[in-house]
Amino acid sequence: EVQNKLKKLFEIAYFVAKLELPFTTYENLCGLEMKHGVDLGQTYRNDKACKNFVLTISENVKCDLTDLLTSCRFIGVMADGVTDVGTREVEDVYVRFLENGEASNKFVGLKECPNAKAPGVLQAIGEAVKGVDENWKQKTVSLGSDGASVMVGKNSGVYALLKREIPYLLSLHCVAHKLELAFQDAAKDVVLFREAKELLQGLWKYYHYSPKAVRELKELAQSVGDRAYRTVKAGGSRWVPHLERALTVLLTKNFQLIVLHFEHAVEARDSSKDMQGRAQNYLKKLKSYKFLAFLHLLLDVTKEFSHVSLLFQKNDVSVPEIQDRVNTLNAALDAMQVRPGTHLREFQQSVGEDGTFKEISLTRQPNDVVSFTNIRESLINATKQYMNNRFPNFVQDPVLKAVATVSHSTITLA
């Protein structure tokens, strides 16, 4: 009976840790379970008991991981610098290995760095991995990181220091991160790209922080028999999928409603001068043919990047899949140079002879078509160039080049 009670208390503590809840929540959850008729006893029902339970569970999980790694011949170590809730600079460390023939990523731990330099970071990584496998250096074949100079520096980075002890060590830059850096590099010099991001971020703030604006948009949607969708923030970690969703909501769902709402805000003058000024600025951009054409081009490009980014973020993604998707993405970009993408093509076909799009009159300059064509060529060419710059390993590194030629579908087990 005592063992059964302790099992339930351990499960509640695990729930608290899994959802990253404060330990003080544990006592309230125990009280709720007691109210539901669950007998938990009268002891081990405070936050200190929860902490001890979680530490015990942690040690048990660590022992299980040690058993798994003991049987592994090779492992990959992945690390990234983060700041914990105590505002300490720590390394977030994972290991990657084969478990029952499948790639598996396991969390090793957080270790505080003595300093932010390479020796301090390496010490933290070493202490973390050594806690689950004493012989980790004999098994480690790769170091995964975010590509920061402190990690991948050829002379004094963590990779360089570790390679002195592991001569065959590979340095792998997070492919999802590299993908977004390639797109960011290509777009950074395009003025319309910066304006597009500012517009999307501004639209999100305009409706996120103004209940009045949201109410007016919903009322407008109801009056025309339509539905208003929530604007999406165009930033955040792995921002390309966020940008793609923000563009999708604006261009395929909310465009006409938002333009009509801004026209009303400018004419009615029933909001603050700041809100009126923003509405007028956004309205000018949204009614510009060239700017709208660029937004649709951007949606086509980000959709291609978003699909690849989401695949790269999967735990079981393999080198052959990465190479295949990089090649597919380059082919899609080549196709966009010959023929506009789906959304840009639909936009160009939807603009009437009178210059209207979804019943909205657009402003159009004589040289807009030529100017936009040049921008499209420049963006796509730069994107392909930076993609090749960011993903040279599959051509230059003999190990990755060899692995990239292997497909799961061609492997036959004897």
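Begin by selecting Phe-15, Leu-19 and Leu-21, which together make up a nonpolar surface patch with about 260 Å² of accessible area. Please bear in mind throughout that this is a predicted model.

Within that selection, centre the view on Leu-19. This residue belongs to the loop that links helix H1 (2-18) with helix H2 (24-35). Leu-19 is classed as partly exposed because its relative accessibility is 47%, a value that falls between the 20% limit for buried and the 50% limit for exposed.

The loop in question runs between helix H4 (118-130) and helix H5 (136-139). Is Val-132 buried or exposed? Val-132 has a relative accessible area of 3% and is therefore buried, the cut-off being under 20%. To see its surroundings, select Lys-62, Leu-65, Thr-66, Leu-69 and Val-108, with which Val-132 is in contact when its neighbours within four places in sequence are set aside.

The last stop is a pair of helices. Two packed helices are described by the distance between their axes and by the angle between them. Select helix H10 (residues 211-223) and helix H11 (residues 239-268), whose axes come within 10 Å and cross at roughly 115°. The crossing of H10 and H11 is right-handed. To view the residues where they meet, display Ala-213, Glu-216, Leu-217, Leu-220 and Ala-221 on H10, together with Leu-257, Ile-258, Leu-260 and His-261 on H11.

How values were computed:
Residues numbered from 1 in each chain as written. Predicted model: local features only at pLDDT ≥ 70, side-chain atom pairs only at ≥ 80, totals over all residues. Heavy atoms only, no water. Patch = residues over 30% accessible without salt bridge, like charges linked within 9 Å, V, L, I, M, F, W, Y side chains within 5 Å. Areas by Shrake-Rupley, 256 points an atom, 1.4 Å probe, with all protein chains shown as cover. Salt bridge = Lys/Arg side-chain N within 4 Å of Asp/Glu carboxyl O. Helix = DSSP H or I, 4+ residues; strand = E, 2+ residues; numbered from the N terminus. Buried < 20%, exposed > 50% of the residue type's maximum accessible area, 1.4 Å probe, protein only. Axes fitted to C-alpha atoms, helices over the stretch in contact; angles between N-to-C directions. Left-handed = near helix turned anticlockwise from the far one by under 90°. Contact = heavy atoms within 4.5 Å.
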